[in-house]
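Thanks for coming. I will take one model this morning and go through it piece by piece. Please look at the screen while I talk.

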Amino acid sequence: MLKCCSLCVLAISLFSVAIAQKAEPVKIIKEKNENKINVFIGQKLFTSFLYPDTLEKPVLFPLYASNGTMVTRSFPIHPLSGEPTDHPHHLGLWLNYENVNGLDFWNNSYAIAPEKKKSYGWIKTDRILGMKDGKVGMLTYHANWTNQKNEVLLEETTNFEFSGTAHMRIIDRLTILKANTDVFFADAKDGMLGLRVAHALEIPATKEQKFTDDKGNVTVVKVNADSIANGNYLTSAGKQGDSAWSTRARWCKMYGKMGNDSITIAIIDRPDNPNYPTFWHARGYGLFAANPLGEKIFTNGKTEKNLRLKKGESVHFYYRIIINDDKRSLSAGQLNKMADDFAMRRLIR
């Protein structure tokens, strides 16, 4: 179904020599009468693309490792006992931003009071452009970034490429945003590519934390009394744990034990993305995000990064997300090789 278009990228090897394995077939199936598309790798469900009108943005949810372990938080769609319930807008894997012409796309969710909704933005998927099965499965959609009056600020075209092996799942996400009017991305903390991980992958917390957004809304992240959380961060620059937050690196991984296996989730940036290498908005409580446009808060006001698009201009964000399950976490050497491979992929606009 998916024909060659400006978003298509030339397929090259997805795996480094160090971790090369036999690729499993990918099958993409739309559920009848639902705004939901399931992605299967081998015979197993990997993820679902959800884009109903009841969500403020399209998401991939849930995400499973190849061994069947769910690596994303279930709340708020399928809450689990003992699971944290903070930040209801953290759902699966998504891409949006906190301040686009003054509208907050990142923090919008069902939890925002109706009288406050005018300050928030929606991403509304209006059509699926293509689906393709194979060793690399492809899903392409079009969406509009709108205000409450349904006025379009940005047109989004996103292409997902899905692939996998016996111990690995990979998502390559290319998103192109085209301005439908003059658009200003003001330097802000909350953006751009976000993922909320399962409770076991959080960094163990020792005290309650409070986070305040740009509107003064306070979110409390409570200390969980159980001993499930055992995660950690590591960046390509060598930053670990909570020290990864606000630093720059070409990749960042979150890893920990889930059952008998070591789970690695890594996000890789590309040199042709804005403001490379990205800043990592990587919180110990399970928010794992790459935000190239949050420079002011991440540098304590020393420098600032604002992005302006005139009507008709566009910008792209291209990331690789890796989920690996095995006896050992992916090493820095393996991830550096995968980052090199990803950087060499040809981008066709």
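The side chains of D341 and K337 are joined by a polar contact of 2.8 Å. By polar contact I mean a pair of N or O atoms within 3.5 Å; within protein, one must be able to donate a hydrogen and the other to accept it, and residues adjacent in sequence count only if both atoms are side-chain atoms. D341 is part of helix 2. Its relative accessible area is 12%, so D341 is buried. Buried is under 20% relative accessible area, exposed is over 50%, and partly exposed is in between, with a 1.4 Å probe and protein chains only.

A word on the source: this is a predicted model, where local features need pLDDT of at least 70 and side-chain atom pairs count only at pLDDT 80 or more, while totals for chains, interfaces and linings use all residues. Residues are numbered from 1 along each chain as its sequence is written, and side-chain values use heavy atoms, with hydrogens and water left out.

Now the chain as a whole. It has 2 helices and 20 strands. These are DSSP runs numbered from the N terminus, H or I with at least four residues for helices, E with at least two for strands. The radius of gyration of the protein chain is 19 Å, close to the 20 Å from the globule rule for 349 residues, so the chain is as compact as a globular protein of that length. That radius is taken over C-alpha atoms, and the rule is 2.2 Å times the number of residues to the power 0.38. Along the principal axes, the C-alpha atoms fill a box of roughly 50 × 50 × 40 Å. Of the 349 residues, 57% are buried. For contacts between residues at least 6 apart in sequence, 63% join residues at least 24 apart; contact here means heavy atoms within 4.5 Å.

In what order do the 8 strands of the open sheet run? The order is 6-7-8-9-20-16-15-14, with antiparallel pairing. Strand 6 (122-132) and strand 14 (232-235) are at the edges with a single partner strand each, so one side of each has no neighbour in the sheet. Neighbouring strands of this sheet are turned against each other by 20 degrees on average, direction ignored. Two strands count as paired if DSSP finds at least two bridges between them.

Strand 20 (residues 314-326) is mostly covered, with 11 of its 13 residues buried. Strand 9 (residues 168-179) pairs with strand 20 in the antiparallel sense over 11 bridges. Along that pairing, K178 is opposite S314, and L174 has Y318 as its bridge partner. Helix 2 (residues 332-344) packs on the sheet, touching strand 9, strand 15 (251-258), strand 16 and strand 20, and its direction makes about 145 degrees with that of strand 20. The axes are lines fitted to C-alpha atoms, for helices over the stretch in contact, and the angles run from 0 to 180 degrees between N-to-C directions. Strand 16 (residues 261-268) also runs antiparallel to strand 20, joined by 7 bridges. In that pairing, T264 is opposite N324 in strand 20.

Now some local backbone geometry. Which residues does the cis peptide bond with omega of about -15 degrees join? They are F61 and P62, and P62 is in strand 4 (residues 59-63). Another cis peptide bond, with omega of about -10 degrees, joins G191 and M192. M192 is in strand 11 (residues 191-196).

Then positive phi. H87 has phi near 50 degrees and is a residue other than glycine. H87 is in the loop between strand 4 and strand 5 (93-97), and is buried at a relative accessible area of 7%. N300 is not a glycine either, and its phi is about 55 degrees. N300 is in the loop between helix 1 (295-298) and strand 19 (307-309). Is N300 buried or exposed? N300 is exposed, at 72% relative accessible area.

Last, Y285. This residue is in the loop between strand 17 (279-282) and strand 18 (287-291), and is buried with a relative accessible area of 6%. The side chains of Y285 and H87 make a polar contact of 3.5 Å. Y285 and N300 are 15 residues apart along the chain, and their C-alpha atoms are separated by 22 Å.
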